[in-house]
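The following note is intended for a colleague who is meeting this structure for the first time. The numbered points move from the model as a whole to selected elements.

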Amino acid sequence: MKATQFYFKTRKEISKDEVAISAVLLTKANFIEKLTSGVYNFLPLGLRVIKKIEQIVREEMEAIGGQEILMALLNPRSNWEQTGRWDSFKALFKLRSKYGSWFALAPTHEEIITPMVKNYIYSYKDLPLYLFHISDKFRDEPRSKSGILRGKEFIMKDLYSFHQDEKDLENYYEKVKKAYQKIYKRCGLKAYVVEASGGTFSRFSHEFQVLTPAGEDIFYHCSHCGMNRNKEIMENTKKCPECGHKIEELKGSEVGNIFKLKDKYSQAFDLNYRDEKGEIKPVMMGCYGIGISRLLGVIVEANYDAKGIIWPKETAPFQYHLIGLFKGIKKEDKEIKKQTDLVYKQLIKKGLEVFYDDRESVSSGEKLVDADLLGLPQRIIISEKTLKNRSFELKERKSNRIKIVKLKDISKII
RNA sequence: CGGGGGAUAGUGUAAUGGCAGCACGAGUCCUUUGGGAGGAUUUAGUCCGGGUUCAAGUCCCGGUUCCCCGACCA
């Protein structure tokens with residue numbers, strides 16, 4: 001992709017209202033733009049990362065049998081009345097049609113998926129079933145904060161599982177836990193699996209926490225036995241309740257949460273099945289969420305330096321940042337541009353994701369600074385200096401390691 | 001929802017109740033080019049609605065909206 005044909009514009013200064021480092025960097029580098037409190041637009045760069053994250057999530061969900069669906073976001077009031085959450089879910093966005101009927105903007109999808117699968121699950125032969133959904137979610141948060149880490153509209157993946165009994169639910173729950181760990185690892189993050197309360201869903205749940213000062217959760221961690229427990233469900237103590245060793249208090253951002261719903265929603269919607277003996281039994285359910293847009297923010301919170309973002313390979317919007325250092329005034333510049341164009345064509349032909357800063361009226365310094373801010377994993381520089389040796393410079397954003405590569409060896413860097 | 005602080009040009013900031021100014025950005029021209037270059041020139045602003053006053057960015061009332069702390073967080 002050529003910069004001059006892309007929605008690409010960096011900013012030195014942005015509104016002072018933005019305080020979270022992820023929101024500052026993502027705004028400066030033109031990944032996101034705030035519409036209003038807790039609501040952001042995802043620009044081409046930001047959307048590319050969102051899609052990368054979604055793809056990772058999609059692959060890992062499909063690997064454990066998940067099938068993707070897309071449920072409606074505009075929900076009729078009756079579904080929410082059925083579970084009592086029309087009144088009890090405080091963050092529910094409610095809106096009234098000018099013709100009189102009431103709707104909710106979906107904050108989660110138990111109220112939709114449970115009655116939906118009633119038309120599919122009749123017998124034990126139809127179980128287990130795993131369906132997931134990636135879409136915007138709406139929550140009327142009393143206080144949005146920290147850029148895209150906590151908003152009123154955000155992107156979330158929710159997986160719902162349906163089982164014959166609790167044992168099958170337990171087994172799958174553990175499978176999901178492992179799949180989640182893979183997802184975070186691929187996103188370049190280390191996530192702690194933390195025991196937490198289940199809110200109104202279940203007695204307990206597991207949260208996936210990534211350490212960051214911008215996070216909102218405090219949890220206790222025991223480095224001796226590996227116990228992780230959210231502060232909200234633990235008595236004030238300095239000793240591990242499991243092994244007695246000293247524990248530490250950590251601050252994290254919740255990037256996932258999984259629950260054993262058991263029959264809570266099956267009961268509300270009469271979701272039952274017939275077992276081998278013909279007996280009617282409630283379907284056991286689990287639900288599993290990952291905040292996709294929050295992940296975008298958390299990845300930045302966990303991967304940046306004074307110059308800008310440092311994208312982990314799998315979530316980078318592009319892999320290579322190609323720069324030709326010239327402005328087109330001197331005779332030599334024509335040769336630099338020609339060579340850079342050529343390298344771009346070669347890389348594109350190989351199917352690589354290249355961001356080519358082909359701006360001609362921008363100083364070298366600005367191109368380099370923008371490259372650091374953007375934070376793509378690899379930077380390729382062609383200049384008068386490198387062309388003297390018929391070569392280019394390959395620099396890794398994360399380590400700052402530089403390799404000088406001959407132009408004719410370009411295919412070897414891949 | 002409780003408490004606190006804001007809203008002046010795209011951004012950041014000035015202006016005792018008395019001509020709305022500066023910097024960055026953006027446009028044009030000239031020079032410059034391996035770490036956010038220099039000069040010339042142009043551009044663009046008082047959140048909305050009332051009120052007080054000869055005069056309101058400034059004072060008063062109402063609204064909208066943003067940020068921070070806390071509560072909430074399925």
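1. The confidence of the predictor in each residue is expressed as pLDDT, on a scale from 0 to 100. This is a predicted model, and chain A has a mean pLDDT of 94, with 99% of its residues at 70 or more. The scores for the model are ipTM 0.93 and pTM 0.96.

2. Chain A contains 11 helices and 23 strands. Its C-alpha trace spans about 85 × 60 × 45 Å along the principal axes. Of the 414 residues in chain A, 40% are buried. Among the contacts in chain A with a separation of 6 or more, 67% are made by residues 24 or more positions apart.

3. Helix α1 covers residues 21–28, and its buried residues are Ser22, Ala23, Leu25, Leu26 and Thr27. These buried residues pack against β1, α2 (44–63), α8 (292–302), β17 (304–305) and β18. After α1 comes Asn30, which has a positive phi near 70 degrees.

4. On the α1 side the contact involves Ile21, Ser22, Ala23, Leu25 and Leu26, which meet Gly297, Val300 and Glu301 of α8.

5. Strand β1 (residues 32–36) and strand β2 (residues 39–42) run antiparallel and are joined by four bridges. Within this pairing, Glu33 stands opposite Asn41 of β2. The hairpin of β1 and β2 has two residues between the strands, and Gly38 in this hairpin adopts a positive phi near 75 degrees.

6. Glu254 counts as buried because it has 23 C-beta neighbours inside 10 Å, the cut-off being 20 or more. Apart from neighbours within four places in sequence, Glu254 is in contact with Glu207, Phe208, Gln209 and Asp217. Leu211 is 43 residues from Glu254 in sequence, with a C-alpha to C-alpha distance of 9.0 Å.

7. An open sheet of five strands has the order β20-β19-β21-β22-β23, with mixed pairing. The edges are β20 and β23 (402–406); each has a single partner strand, so one side of each is left without a neighbour in the sheet. From one strand to the next, the twist averages 25 degrees. At one end of this order, strand β22 (residues 391–396) pairs with β23 in the antiparallel sense over five bridges. Ser391 has Lys406 in β23 as its bridge partner.

8. Helix α10 packs on this sheet and touches β19, β20 and β21, its direction making about 175 degrees with that of β19. In α10 (residues 364–374), the buried residues are Asp370, Ala371 and Leu374. They lie on the same side of α10 because they cover an arc of only 105 degrees around the axis. Their cover includes β18 (308–309), β19 (320–324), β20 (354–357) and β21 (378–382). Gly375 follows α10 and has a positive phi near 75 degrees.

Note on methods. Residues numbered from 1 in each chain as written. Chains lettered and ligands numbered in written order. Predicted model: local features only at pLDDT ≥ 70, side-chain atom pairs only at ≥ 80, totals over all residues. Pairing = 2+ DSSP bridges. Buried ≥ 20, exposed ≤ 12 C-beta atoms within 10 Å, placed from the backbone. Contact = placed C-beta atoms within 7 Å. Arc of directions from axis to C-beta. Axes fitted to C-alpha atoms, helices over the stretch in contact; angles between N-to-C directions.
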